[in-house]
Amino acid sequence: MIRHVKIEKLWGQYDIEWSLYPDVNILAGINGSGKSTLLRILDLALTGGDGVFLNLFRFLRAIRIDGEGVDINAASGEGCLWYNECGCDFISTFDKITHEKKALTGDLSPLSAYLDAVIFDTQRRSLNEYRLKATESPDEGHRISHRLQQWIETVNGFFAATRKTFVIQGSEVFFRQANGERLALHALSAGEKQLLVILINALTQDGQPFTLLMDEPEISLDIDWQYRLVDTIRTINPACQLIIATHSPAIFGDGWNDKLFFMDDILKK
């Protein structure tokens, strides 16, 4: 997990000093204040390399990230020291949609393509890849089956109001409606797809230490789901450190106000 971030000369004029909580960190600020940029820098720094992220942010001079299992120090022209044992992922619906447009075929929407990837792609951390781990040993199979069943109950709790239930049947994944008919994943609303992407990510972290960056996860989610989101992710994986940029008070309104940071407070000119 990340304990402290120091960035010098973001956009050539701002320094950032940020000490983070091990569980939840919620970043607020006006449009253009740098929330998304900060998350993108953290993502690139934590997931790889050779200092290439320094070239993506003009005038950025240096970045230092310290934490448990994390030691990253990079300066322009000086290369990088990488030591990152923790998993990390960045969920940003708009960015994912943009990146996957070229891969679209037929009538598949960008968000549907992304949801398909996090469920079916066994070449990445996905629901199917996670299910395959259950074949490693009987003990592993029992553990994963138990976690998966608890996770399905959590998903069904979110979908109870619309009377849909999540079904895994062999290699098929779909929802069953109250009248017994199947509902394909592609037929879900944007908010339902987005919620599934987030909850699948939390499940496939497999209870391990993990840093999850999320940029405006409230987009397309109704208010009740926004209130429940942070608690749900932390229930699925208590070892997950959340770093969230948001405009929605509902994201931090249910007991997480003490984890709130404002860009004006960590951005120094």
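**Figure 1. The largest nonpolar core of the predicted model.** This core comprises 46 residues, of which Trp151, Phe166, Phe175, Leu196, Met214, Ile233 and Leu242 touch the most other members. Helix H6 makes the greatest contribution to the core, supplying eight residues.

**Figure 2. Surroundings of Leu242.** When residues up to four places away in sequence are not counted, Leu242 touches Asp23, Val24 and Asn25, together with Leu212, Met214, Val230, Ile233 and Arg234. Among these contacts, Met214 and Ile233 are also listed with Leu242 as residues that touch the most other members of the largest nonpolar core.

**Figure 3. Packing of helix H5 against helix H6.** H5 spans residues 138–158 and H6 spans residues 190–204; the two pack at an angle of about 160°, and their axes lie 11 Å apart. H5 is therefore roughly antiparallel to H6. The crossing of H5 past H6 is right-handed. H5 contributes Arg147, Leu148, Trp151, Val155 and Phe158, which meet Leu195, Leu196, Leu199, Ile200 and Leu203 of H6. By class, this contact has nine nonpolar residues, one charged residue and no polar residues.

**Figure 4. Trp225 and its contacts.** Trp225 belongs to helix H7, residues 223–236. Its relative accessibility is 9%, so Trp225 counts as buried. Apart from neighbours within four places in sequence, Trp225 is in contact with Phe158, Phe159, Gly191, Glu192 and Leu195. Two of these residues, Phe158 and Leu195, also take part in the contact of H5 with H6. Ile251 is 26 residues from Trp225 in sequence, with a C-alpha to C-alpha separation of 8.9 Å in space.

Key:
Residues are numbered from 1 along each chain as its sequence is written. This is a predicted model: local features need pLDDT of at least 70, side-chain atom pairs count only at pLDDT 80 or more; totals for chains, interfaces and linings use all residues. Side-chain values use heavy atoms; hydrogens and water are left out. Axes are lines fitted to C-alpha atoms, for helices over the stretch in contact, and angles run from 0 to 180 degrees between N-to-C directions. Helices (H or I, at least four residues) and strands (E, at least two) are DSSP runs, numbered from the N terminus. Angles under 35 degrees count as roughly parallel, over 145 as roughly antiparallel, 65 to 115 as roughly perpendicular and the rest as oblique. A crossing is left-handed if the near helix is turned anticlockwise from the far one by less than a right angle, and right-handed if clockwise. Contact means heavy atoms within 4.5 Å. Ala, Val, Leu, Ile, Met, Phe, Trp, Tyr, Cys and Pro count as nonpolar, Asp, Glu, Lys and Arg as charged, and the others, Gly among them, as polar. A nonpolar core is a set of buried Ala, Val, Leu, Ile, Met, Phe, Trp, Tyr and Cys residues joined through side-chain atoms within 4.5 Å. Buried means under 20% relative accessible area, exposed over 50%, partly exposed in between (1.4 Å probe, protein chains only).
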